[in-house]
Amino acid sequence: MFPVSPNYGSGCPCFPTPCAQAVLGSTSTPVPCPALPACVPPGVLPLSRRPPAWGRAARQPPGLPLALARAFSNNKILVELDESSGVATMKFKSPPVNSLSLDFLTEFCISLEKLENNRACRGVILTSAIPKIFSSGLDITEMCGKSTEHYAEFWRAVQEMWLRVYGCNMVMIAAVNGSSPAGGCLIALSCDYRIMVDNPKFSIGLNETQLGIVAPFWFKDTFVNVVGQRIAERSLQLGALHPAPEALKLGVVDELVPEEKLQERAAAVMAQWLALPDHARQITKSMMRKTVLDRLISHREEDIQHFISFTSKESIQKSLRMYMEMLRKKSG
Ligand SMILES: CCCCCCCCCCC/C=C/C(=O)SCCNC(=O)CCNC(=O)[C@H](O)C(C)(C)COP(=O)(O)OP(=O)(O)OC[C@H]1O[C@@H](n2cnc3c(N)ncnc32)[C@H](O)[C@@H]1OP(=O)(O)O
């Protein structure tokens with residue numbers, strides 16, 4: 001039996017029996033299944049996937065249980081879909097700090113894929129159910145003292161998360177209700193619009209250098225596309241975590257609101273974005289992001305190998321262990 005395409009999963013109509021196209025041939029080249037979006041290699045989603053739903057939410061596809069369409073939650077993410085507006089909210093609820101573990105990332109991708117495949121959904125708001133924390137970024141324990149196979153699996157999941165959010169045809173809004181370092185910041189930067197709670201105690205930024213590690217090129221590209229070369233260069237080198245008011249000044253986030261207004265404001269901004277014809281907005285988004293997405297898609301395996309050799313270095317392991325120790329001392 002040949003292995004199946006890496007994109008094959010429970011979202012595919014032919015799951016659990018892979019159709020011929022979902023199975024990898026002897027060349028090991030993934031063959032996308034034309035009948036099912038979930039088997040298409042990740043990246044910019046084919047525009048035909050989204051319904052021409054301008055001005056109203058499209059109908060629920062037949063066969064999907066209504067309850068599933070309205071709310072589902074596995075473990076670490078609560079997903080609610082308001083069918084009347086076509087807007088879903090994905091609420092991170094993985095205590096203590098919503099760190100992006102392999103399990104979290106897997107659940108995230110499955111949840112987003114479910115929404116993508118639901119014709120009733122046109123926009124997603126990402127937010128947190130954990131007070132004061134949006135996400136603490138990649139789970140550092142996934143990068144410490146593990147096997148190379150584990151590093152490869154973990155990094156593929158991080159890539160997958162970014163490809164899905166950055167390449168998503170739906171409108172994505174980050175409602176940042178707490179601190180958001182590194183990988184947490186990347187999630188927000190990958191959305192179309194960022195609203196943050198107006199609290200200087202909450203900070204956001206790509207602080208990798210502070211851990212003695214380096215933000216990969218696609219983190220950097222995403223950051224540059226939001227704030228521009230100069231601000232990104234300075235902020236990245238310094239590993240800066242910007243308090244909310246500074247993040248607004250630098251353009252890391254688009255606006256600040258009082259905490260109690262955050263969800264209401266996110267819904268209002270979403271309504272503005274959804275008022276545009278889907279096809280025009282989607283083509284424009286794809287045009288703006290394609291080069292950056294294609295860069296990772298065409299260097300994906302190389303990027304995994306870079307991550308493995310970088311992370312496996314004893315000096316990097318030492319830096320990560322010391323950082324975790326510092327966090328533990330601070331918390332305990
Ligand atoms: C040539 C180039 C090649 C490039 C190759 C690639 C190189 C690798 C690139 C990797 C990119 C990495 C991206 C990342 O996201 S790294 C993670 C960065 N995150 C952080 O720095 C955040 C750290 N956390 C904090 O600052 C605080 O915890 C936070 C402000 C988020 C919350 O503070 P609070 O006081 O509320 O909570 P505590 O600090 O007490 O934390 C509670 C417990 O949670 C643990 N914790 C926190 N963050 C993480 C994390 N990211 N991963 C795992 N665990 C985390 C913390 O240790 C506490 O645990 P204990 O209760 O057991 O002490």
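This is a predicted model: local features need pLDDT of at least 70, side-chain atom pairs count only at pLDDT 80 or more; totals for chains, interfaces and linings use all residues.
# Sheet, helix and ligand shell

Colleague: In which sense do β7 and strand β9 pair?

Modeller: β7 and β9 (residues 203–205) pair in the parallel sense, over 2 bridges. Helices (H or I, at least four residues) and strands (E, at least two) are DSSP runs, numbered from the N terminus. Two strands count as a pair if DSSP finds at least two bridges between them.

Colleague: Fine. What is the strand order in the open sheet?

Modeller: The order is β5-β7-β9-β10, so 4 strands with mixed pairing. β5 and β10 (242–243) are at the edges, because each has a single partner strand, and one side of each is left without a neighbour in the sheet.

Colleague: And how many bridges join β5 to β7?

Modeller: There are 2, and these strands run parallel. Within that pairing, Ile133 has Ser179 of β7 as its bridge partner.

Colleague: Which phi does Lys132 have?

Modeller: Its phi is near 75 degrees, a positive value in a residue other than glycine. Most residues other than glycine have a negative phi, and most peptide bonds are trans. Lys132 sits in strand β5 (residues 132–133).

Colleague: Is Lys132 buried, exposed or partly exposed?

Modeller: Lys132 is partly exposed, because 14 other C-beta atoms lie within 10 Å. The cut-offs are these: a residue is buried with 20 or more other C-beta atoms within 10 Å of its own, exposed with 12 or fewer, and partly exposed in between, with C-beta atoms placed from the backbone.

Colleague: Where does Asn98 lie?

Modeller: Asn98 is in the loop between β3 and α2. Asn98 also has a positive phi, about 50 degrees, although it is not a glycine. Asn98 counts as buried because it has 28 C-beta neighbours inside 10 Å. Pro96 has its place in the loop between β3 (87–92) and α2 (102–116), and a cis peptide bond joins Pro95 and Pro96, with omega about 5 degrees.

Colleague: Change of topic: which residues of helix α6 are buried?

Modeller: In α6 (residues 229–238), they are Ala232, Ser235 and Leu236. They are on the same side of α6, because they cover an arc of only 100 degrees around the axis; the arc is that of the directions from the helix axis to the C-beta atoms. An α-helix has 3.6 residues a turn, so residues three or four places apart point the same way.

Colleague: What do the buried residues of α6 pack against?

Modeller: They pack against β9 and α5 (217–227). The face turned away from the buried side carries the exposed residues Arg230, Arg234 and Gln237. α6 is followed by Gly239, with a positive phi near 60 degrees.

Colleague: Now the core. Which residues touch the most other members of the largest nonpolar core?

Modeller: Ile173, Val176 and Met196 do, out of 77 residues in that core. The largest share of this core, 10 residues, comes from helix α3 (residues 148–166). A nonpolar core here is a set of buried Ala, Val, Leu, Ile, Met, Phe, Trp, Tyr and Cys residues joined through C-beta atoms within 7 Å.

Colleague: What does Val176 touch?

Modeller: Not counting residues up to four places away in sequence, Val176 touches Phe134, Ala188, Arg194, Ile195, Met196, Val197, Ile204 and Val253. Touching, or contact, is taken as C-beta atoms, placed from the backbone, within 7 Å.

Colleague: Last one: which residues come nearest to the ligand?

Modeller: Gly137, Leu138, Ala182, Gly183 and Ser331 come nearest, of the 29 residues around the ligand. A residue is near a molecule if its C-beta atom, placed from the backbone, lies within 6 Å of it.

Colleague: Which element gives the most to the shell around the ligand?

Modeller: α11 does, with 5 residues. β7 (178–181), α10 (300–312) and α11 (314–331) each supply at least two residues. The shell divides into 15 nonpolar, 10 polar and 4 charged residues.

Methods
Residues are numbered from 1 along each chain as its sequence is written. Ala, Val, Leu, Ile, Met, Phe, Trp, Tyr, Cys and Pro count as nonpolar, Asp, Glu, Lys and Arg as charged, and the others, Gly among them, as polar. Two residues are in contact if their C-beta atoms, placed from the backbone, lie within 7 Å.
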